[in-house]
Amino acid sequence: LLVGNPGSGKSVVMGDVLRNLEERNIPVLGLKADQDCAENLSELGVRLELDEGIVEVIQALAQSDERVVLLVDQIDALSQSLSVRREYLNTFTRLVHALEAISNVRIIVSCRTYDLQNDQAFNFYQSQRQITLGKLGEEQVKSVLQKLDPANPPLTKELMELLQVPL
């Protein structure tokens with residue numbers, strides 16, 4: 001589970017992981033939870049224009065490849081605070097449950113910290129291994145600014161805090 005506040009770079013990291021896996025010819029399926037939503041797994045397979053169900057396709061890939069990766073970005077977009085369609089979130093949770101038992105399938109899901117901590121529908125995800133994205137360090141910000149402007153005037157505390165958010 002990739003966790004962070006808004007603007008912390010979760011979607012950028014997910015995109016980088018997707019490109020890296022594609023370059024290494026590792027089978028990967030990247031989904032945006034808010035765009036690839038479906039009421040059930042069958043509908044999700046149809047939306048993705050798969051000849052078989054999504055679980056069956058990933059199982060077949062897992063039998064022929066040493067690793068298969070599923071990326072689900074922005075699952076927080078299906079949280080109670082943003083959506084009343086709970087079946088969409090349930091579909092992704094069922095997908096993760098169906099695939100987690102397959103030994104060479106890896107699943108990475110991104111979620112905002114607030115939704116993870118405050119929406120009971122995310123209880124299952126709270127118990128998963130988490131990688132938390134935080135703010136950039138002051139030295140990272142200063143290093144980038146130094147490259148952009150060697151004069152690099154001092155920053156106010158407020159501006160530094162703003163620049164520490166990757167977005």
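Lys 32 is partly exposed, with a relative accessible area of 26%; here buried means under 20% relative accessible area, exposed over 50% and partly exposed in between (1.4 Å probe, protein chains only). The model is a predicted one, in which local features need pLDDT of at least 70 and side-chain atom pairs count only at pLDDT 80 or more, while totals for chains, interfaces and linings use all residues. Residues are numbered from 1 along each chain as its sequence is written, and side-chain values use heavy atoms, with hydrogens and water left out.

The partner of Lys 32 is Asp 73, and the two form a salt bridge whose closest N and O atoms are 2.8 Å apart. A salt bridge is taken as a side-chain nitrogen of Lys or Arg within 4 Å of a carboxyl oxygen of Asp or Glu. Asp 73 belongs to strand β3 and Lys 32 to strand β2, so this pair ties together parts that are 41 residues apart in sequence. Helices (H or I, at least four residues) and strands (E, at least two) are DSSP runs, numbered from the N terminus. In contrast to the partly exposed Lys 32, Asp 73 is buried at 5% relative accessibility.

Across the whole structure, the search returns five salt bridges. Another of them joins the side chains of Arg 112 and Asp 76, at 3.7 Å from N to O. This pair also links distant parts of the chain, with Arg 112 in strand β4 and Asp 76 in the loop between β3 and α4, 36 residues apart. Asp 76 is buried, with a relative accessible area of 5%, whereas Arg 112 is partly exposed at 34%. A local pair is found in helix α1 (residues 10–23), where Asp 16 and Arg 19 lie three residues apart, about one turn of the helix. An α-helix has 3.6 residues a turn, so residues three or four places apart point the same way. The closest N and O atoms of Asp 16 and Arg 19 are 2.7 Å apart. Both residues are partly exposed, Asp 16 with a relative accessible area of 42% and Arg 19 with 44%.

Attention now turns to helix α4. The buried residues of α4 are Tyr 88, Leu 89, Thr 91, Phe 92, Thr 93, Leu 95, Val 96 and Leu 99. Their cover includes strands β2 (28–32), β3 (68–73) and β4 (105–112), together with helices α2 (41–47), α3 (54–64) and α6 (123–126). Contact is counted when heavy atoms lie within 4.5 Å.

What of the cysteines? A disulfide is a covalent bond between the sulfur atoms of two cysteines. With a disulfide defined as a pair of cysteine sulfur atoms within 2.5 Å, the search of the whole structure finds zero. The sulfur of Cys 37 has its closest cysteine sulfur in Cys 111, 16 Å away and therefore too far for a bond. Both residues are buried, Cys 37 with a relative accessible area of 16% and Cys 111 with 0%.

Two backbone positions also deserve a mention. Most residues other than glycine have a negative phi, and most peptide bonds are trans. Glu 49, although not a glycine, has a positive phi of about 60 degrees; this residue lies in the loop between α2 and α3 and is exposed, at 72% relative accessibility. Gln 74 likewise is not a glycine and has a positive phi, of about 65 degrees. Gln 74 sits in the loop between β3 and α4 and is partly exposed, with a relative accessible area of 25%.

Towards the end of the numbering described here, Leu 162 lies in helix α8 (residues 157–163) and is exposed, with a relative accessible area of 57%. Together with Leu 159 and Leu 163, Leu 162 forms a nonpolar surface patch with about 250 Å² of accessible area in total. Such patches are made of residues with over 30% relative accessible area and no salt bridge, with nonpolar side chains (Val, Leu, Ile, Met, Phe, Trp, Tyr) joined within 5 Å and like charges within 9 Å. The accessible areas come from the Shrake-Rupley method with a 1.4 Å probe, and for residues only the protein chains shown count as cover. In the segment after α8, Gln 164 is buried, with a relative accessible area of 11%. Not counting residues up to four places away in sequence, Gln 164 touches Lys 135, Leu 136, Gly 137, Glu 138 and Val 141.
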